[in-house]
Amino acid sequence: MTLIDLANPTRFLALTARVLPWLAAATIILLTIGLYQSAFAPDDYQQGATVKIMFIHVPNAWLSMFVWGVMSVASLGTLVWRHPLADVAAKSAAPIGAAFTFLALVTGSLWGRPMWGTYWEWDARLTSVLILFLMYLGLMALWRAVEDPSRAARAAAVLTLVGAINLPIIKFSVDWWNTLHQPASVMRMGGSTLDKSFLIPLLVMAIAFTLLFVTLHLAAMRNEILRRRVRSLQMMQASRVAFSSEVGTGSREESASKEAGAA
Amino acid sequence: MTALAALIRRDIRIALRVGGGALIGVLFFLTVVVLMPFAVGPDLALLSRLGPAILWLGALLASLLTLDRLFMADHEDGSLDLITMSRTPLELACAAKALAHWLAAGLPLIVATPVLGLLLNLDMVATGAVALTLLAGTPALTFTGMIGAALAVTLHRGGLLMAVLVLPLSIPVLIFGVAASQAAITGPLSFGAPFSILCALSLVSLVVGPFAAAMSLRHGLD
């Protein structure tokens, strides 16, 4: 099974119909384990119970960037390989990514209130994630503003690739600038600085959220394909109605002209 | 090379003549800056503190609004098709068009800055700093805004949608432009660091902008 085999939407629908229940089940199981573990993780000696926000916040933040990465690959698929499902993937990923980014921002500011004493701080990491959120919304606006999906797909692909410049800025913003947001502690040179009792629930949650994204994304792609089919059927029906009425008026005109000629 | 020079000359000439609209940008810049004291009150101390930010915002909006038509007029009279089909690479043609636009619409903004600085109670140093940062930063605005202009012509949509798409991309330029001018005027931070990042942003957009615009023109025009 290669990527090109999935170019046929019907085959894609059949495959995802088989895969989706398993994915959903795995997501639910992992999310339950992860939530259970993070609920019973020990309190931090400084942060107390607020450390538990991290178990939601960090996976959301990871995914906010991961989804844009997926969209960038899909955009390459649209522009370079003209893969027919690439723009479906890009389009259906955008709202999910926006939701993850929004949750990352909200959980972050809920954590920031007791810890930093403020809901919002104009620091480099927060600002760049906010820009990411705005770009997600802009992309969604672009998809909604243009009726022709293939035209919108190419424009959105260009914009997604340009916006991908923001990803390394977000990732390294904590290293490049002196920020309030703490630097990377899980994925860094020389191993994680996180204690095992926090690291394991966090990793479980990260995997669970990634599975959640894959599940939601595949389901959204199915919806998008079906929506396009419905739309093209509607268009066909509309054109059939228009055509038949046109033929009707045409014949009427013809008969009218005949009558005029006879008169 | 001569083709590119001819393109630049032509674009500048069109922009400066009747119906061009390059100088409307300056007028808009002036209007935005004049509006600000009405909004925040005619407190001279406050205005001189906000001055760099106001000037930067005005320049950002002015360059964004004039960019809308960068490819549109050429698309309407058909010369964009000729440019796309010509032997000069489309990326270079896009870069030339953006450069011409910056010369015709961006430079007048910078020239107008000292006059507007007077209105905002900025001293010599502050005005010089803002003008210098605008000189380094407005190419970035033009070259990233060009992507939006190319999308606008391929989608037959302009205005608000393009502003929504392009403005997030111009936030870094705004941040470092204002940071550099504040550093030169008051700040304890050095002027060099934000100013070099601003120059870097301009250079990056100089490379990325033409490619993205050419890509969207090539895929979008049919």
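My entries below go from confidence to the chains, then to the core and the contact.

**Confidence.** I noted at the start that this is a predicted model. For chain A I found a mean pLDDT of 83, with 87% of the residues at 70 or more. I then looked up residues 255–263 of chain A, where the pLDDT is below 50.

**Chain A.** I went through the secondary structure and found seven helices and zero strands. The pattern along the sequence is α-α-α-α-α-α-α. For burial, I got 32% of the 263 residues counting as buried. I also checked contacts with a separation of 6 or more, and 77% of those in chain A come from residues 24 or more positions apart.

**Helix H1 of chain A.** I followed this helix over residues 9–39 and came upon a kink of about 35° at A:Val19. Which residues of H1(A) are buried? I wrote down A:Thr27, A:Gly34 and A:Ser38.

**Chain B.** Here I found nine helices and zero strands, in the order α-α-α-α-α-α-α-α-α. Chain B is as compact as a globular protein of its length, because its radius of gyration of 18 Å is close to the 17 Å that the globule rule gives for 222 residues. I looked up the extent of the C-alpha trace too, and it spans about 55 × 35 × 30 Å along its principal axes. Of the 222 residues, 48% count as buried. Among contacts in chain B between residues at least 6 apart in sequence, 81% join residues at least 24 apart.

**Core.** I asked which residues have the most contacts inside the largest nonpolar core. They are A:Val158, B:Met146 and B:Leu151, in a core of 124 residues. H7(B) gives the most to this core, with 16 residues. I then picked B:Met146 and set aside its neighbours within four places in sequence; the residues in contact with B:Met146 include B:Leu67, B:Leu70, B:Cys94 and B:Ala98. B:Gly209 and B:Ala213 are also in contact with B:Met146.

**Contact between the chains.** I counted both sides: 17 residues from chain B and 15 residues from chain A. On the side of chain B, helix H7 (124–155), helix H8 (160–185) and helix H9 (192–220) each supply at least two residues. I sorted the residues on that side of chain B into twelve nonpolar, four polar and one charged.

Notes. Residues are numbered from 1 along each chain as its sequence is written. Chains are lettered from A and ligands numbered from 1 in the order in which they are written. This is a predicted model: local features need pLDDT of at least 70, side-chain atom pairs count only at pLDDT 80 or more; totals for chains, interfaces and linings use all residues. Two residues are in contact if their C-beta atoms, placed from the backbone, lie within 7 Å. Helices (H or I, at least four residues) and strands (E, at least two) are DSSP runs, numbered from the N terminus. Ala, Val, Leu, Ile, Met, Phe, Trp, Tyr, Cys and Pro count as nonpolar, Asp, Glu, Lys and Arg as charged, and the others, Gly among them, as polar. A residue is buried if 20 or more other C-beta atoms lie within 10 Å of its own, exposed if 12 or fewer, and partly exposed in between; C-beta atoms are placed from the backbone. The bend at a residue is the angle between axes fitted to the seven residues ending there and the seven starting there. pLDDT is the predictor's confidence in each residue, from 0 to 100. A nonpolar core is a set of buried Ala, Val, Leu, Ile, Met, Phe, Trp, Tyr and Cys residues joined through C-beta atoms within 7 Å. The radius of gyration is taken over C-alpha atoms; the globule rule is 2.2 Å times the number of residues to the power 0.38.
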